[in-house]
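Subject: Structure for you to look at

Hello,

Here is the structure I promised. Please open it next to this note; my findings follow.

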Amino acid sequence: MTSPYSSKYWKKVFLSSSGRPILLPNERDIIIQDGIGLYQGDYKLIDYQRGRCYLTNKRVIYISDLDPTSKSKLRGISLDLLLIDSIEIYNGFLKSSPKVIVHMLPIVEKNSNINNDTTSLKIRPHEINWVCQICFFSNVIKFNDVIKLQDDWSLLPRCQTCGMKAERDQIEKLIANSETHATERADIDLLTFDGSQCQKCTFINHPSMVDCEMCGTHLVSEGLPPSLLKNALGHDNYDDDKKQVIPLEIEQYSSMDSVDDLVIKFSFRNGGHTNFYNKLIGAIEQSSWEKNQSDNTVNKGATKIYKSDLPEGQISSKDLAEQLQLQKSKSEVHAAPSIGIHGLQAHSSMKSYETSLLLNNSLQDLENLMSKGKELIKLSQSYQKILMNSKQSTEKIDENVALLHNSKNSIKILDNIITKNEFSTSYSNVNKLTGLLNLKNGYKSDSKTRSGLPSLYIEELSRQICEFLIDENILDKNNGLITLYELYTLYNKARGVNLISPLELYDAVSIFEKLGLNLKLIEIPLTRSTNKPLSASDKDKIYIVSKKKISSSSISTKLLTLLSNNSTTGLSILQIQSKDDFNMNYLIIQTIINNLIAEGSICVDIRLQGEVYYINEIAKFDWDAYVKERDKGGEDDSDDTPLQNAGNLSTRPSITYGIGDDLYSDSIKKPLSAMKLDGNSSHETVSASFNNDQQLYFNKSRLDELKDLDFL
Amino acid sequence: MSSNTFKYPTIYNFPPFFTKQPNLQTFQIQLQIWQDLILDYCKFYKIWSLSINGQPNTTTTSITDDDDDGEEDVDNDDIDIDVDISKNSIFKNDKIERYAKSDFILDIINHMIKNGKCEWIDANNHKFGLFIYWYTLEEWADKLYDWIDNTGQNNTVLTLYEIRKSELTENQEFNNINLNLLIKILEILVKLNKALILKDDSGSIVGVKFS
């Protein structure tokens, strides 16, 4: 018995391609717990009985373990922490699992009015930036504040640093501007609309696509009209106020009245409820505090005392990552809007702190650069000497010196840019890392995984690696394949701190398919040397991460066609690598080739220059057919390039024995037929039967090998 | 193109043919093709024995041959050879600059010995080379006896030279047959009671009488 139900509290959450929620600006993970089911009142929510919860500093995000391909149900839904009234814990009894019970605040009617306002506007207004005319600080007015402003112009915002009130004319103009922009964008011509063009691979997707069809990158389609927006599965979830009713189904209930709208239960089937409960309490307090701060309602009229202590439990480790986190939250406290001289002071001190950090970093790099520069100068001096000795025109030398000088400068600039970039990316990754660290430390180890780490941690790591692969576009750069070794170094280099171990990576990558990600791990037996017997090399394996649709068989067929196009000369691995389609790791090609050899479809020519691979003409060659053809046919002229006809026995030139030596050829034919009759161990019959046996054995073993190779 | 030159099959110009293939099935097929090729080649040029390098053997007679020393040279001259095959090895293809390595050659030879297609002239000393049996000894014996039968030479005594070199056998396949090989064949006929080997006092063969 199921019945439809809709809740005002659950909101859509947009998920990244790896199934992790996309967090709002300034939002960060606090804790992740899996094995959670949802209840509305006393009734189960259908399809939301197995999933994981992300507690962030703004929301509780629930992501169900539904099949990611089914679009019928939303996988990710979230609760706003600000709408939570109170929570209690239930420790479970007998068969009922422990639960965290959340009581929601009743939603005020006014909110729905605002809802109507937004829909009547039929546009999706953006935040409005206004520049203070006194201190030129660029302030932001949030969308809901804009709505309020339109109702009541007395609520004009104040500058966040110097406290001056904005002027009404300026704000009105800005609002009008943003609206016209939005309405312009509301009409969409599907042909010219470029919002659905993927930023990574430039593929133009259908406007209603959420992820890029080609590479899986999340599409930013800001300019979609509201009607399309709905199809696009909640692109509007960045707007806190805009609500969309999510269709849910609850289990077994008789009348609508019996469902308590305000009570939502999280059932913890895998435990972890107390931890979650404590963190949730902290997060709710913190979020309401932050909300008050942003509304300027904290300590109104009271003297400000700086507090850098943060609630316990959020920060435990002394890692660099944690320090950065601390600095960030510190700066958040500093950035709390205060008015007047204090505000300006705080703002400027924060700015100087940031720049000093940056400066420190760049100074180090500068030192490195200087040492390099010295080497460069040495080089240029020796270069100069050579030029002088050759007594060429001095002008040229001057030009060269100037060029060197210029390049030195440009290197300096480039270096600065690079360090700035790295700084910002690592800064944004810190949140991800700390979330992972908490998972790693917080749970009992799991014997199922090779690294012995909790499976929840591995799953989360797996999702992050998937995102990393897609964001950095690594697979497309490498023809859709990457060895685990390469991925390991790339990923750890990108992380910078808290490097993961190879076992962790292996565990994370091997569950790609289990998590329903668009990636998979391929195992190929690694055969370094073709001369070794095959059984000896079975224990060595090469691991390759690839997209799901790519299979090693498709690569081998491509390779086979490539080789058959070059059947006269054959190809070495290096030559294969230089082809466009095979621009991949040497080991991978080597392994595929060795598998093809084991399969018997190609053969090798070992020469001084190395190994060259050919289509297996040897296996195709049929001596009996060749002899028959030769004895039957006339005296053809010789074919100087016989390999062109290889594999096509009927077109082969045939040869006869001596001219006019009829007796001779007769005497050949006679014993031949005689031998075949008595079935003696003549070589023709032996070879024929041998060939048949071989063929049988060959086919059978080839089938077996194909089965083994069939890792698709 | 002269028909006096052996026409190699297309596979002979395929470079991997000269490399021992790592795939076992392919390798077996490769060995078989090599065997067929060698037999065909030797049959075409009437090469009775090959050295281990794949060259036609000229030293085999040194073991027991009591013919005059110039015998083998005459043998070689009798074969109408346009190309100087005595210096060409079957295991070496100059056209594509490939040759089979010695361990691979040994594999081929062992494969042929297993199939009864060749035999070491001296099992203890491989440098003497191999007899190549494009027909097995039994087949040779049949051929020889058929010829005797068809020409009505039963109960006549023939010298070995007559069988090998005389005008009588000019059109027979065993014309110019290697002496040691002929003795082996005759020994088989003796066992079948179809021939009698006549020896002189010193024990060397002087003639054979077919029954």
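Which residue in S14(A) is the bridge partner of A:His103? It is A:Val263. Before the rest, the ground rules. This is a predicted model, where local features need pLDDT of at least 70, side-chain atom pairs count only at pLDDT 80 or more, and totals for chains, interfaces and linings use all residues. Residues are numbered from 1 along each chain as its sequence is written, while chains are lettered from A and ligands numbered from 1 in the order in which they are written.

**Sheet in chain A**

The order is S5-S4-S14-S10-S9, an open sheet of five strands with antiparallel pairing. Helices (H or I, at least four residues) and strands (E, at least two) are DSSP runs, numbered from the N terminus. Two strands pair if DSSP finds at least two bridges between them. S5 (43–44) and S9 (84–90) are the edge strands, each pairing on one side only. S10 (99–104) and S14 (263–268) of chain A run antiparallel, joined by five bridges. Helix H5 (273–294) of chain A lies across S9, S10 and S14, at about 160° to S9(A). Axes are lines fitted to C-alpha atoms, for helices over the stretch in contact, and angles run from 0 to 180 degrees between N-to-C directions.

**Sheet in chain B**

Chain B has an open sheet of three strands, ordered S6-S8-S7, again with antiparallel pairing. Its edges are S6 (157–158) and S7 (195–199). Two bridges join S6(B) to S8 (205–210) of chain B. B:Val157 stands opposite B:Lys209 in S8(B).

**Helix pair in chain B**

H1(B) and H3 (102–114) of chain B pack at about 75°, axes 9 Å apart. That makes H1(B) roughly perpendicular to H3(B) (the range is 65 to 115 degrees). B:Leu31, B:Trp34 and B:Gln35 meet B:Asp107, B:Ile108, B:His111 and B:Met112. Contact means C-beta atoms, placed from the backbone, within 7 Å.

**Core**

The largest nonpolar core holds 135 residues. Such a core is a set of buried Ala, Val, Leu, Ile, Met, Phe, Trp, Tyr and Cys residues joined through C-beta atoms within 7 Å; buried means 20 or more other C-beta atoms within 10 Å of a residue's own. Among the members that touch the most others are A:Cys53, A:Tyr62 and B:Cys42. H1 (24–45) of chain B gives the most to this core, with 10 residues. Leaving aside neighbours within four places in sequence, the contacts of A:Cys53 include A:Ile32, A:Tyr62 and A:Phe266.

Best wishes

Terms used
A residue is buried if 20 or more other C-beta atoms lie within 10 Å of its own, exposed if 12 or fewer, and partly exposed in between; C-beta atoms are placed from the backbone. Two residues are in contact if their C-beta atoms, placed from the backbone, lie within 7 Å. Angles under 35 degrees count as roughly parallel, over 145 as roughly antiparallel, 65 to 115 as roughly perpendicular and the rest as oblique.
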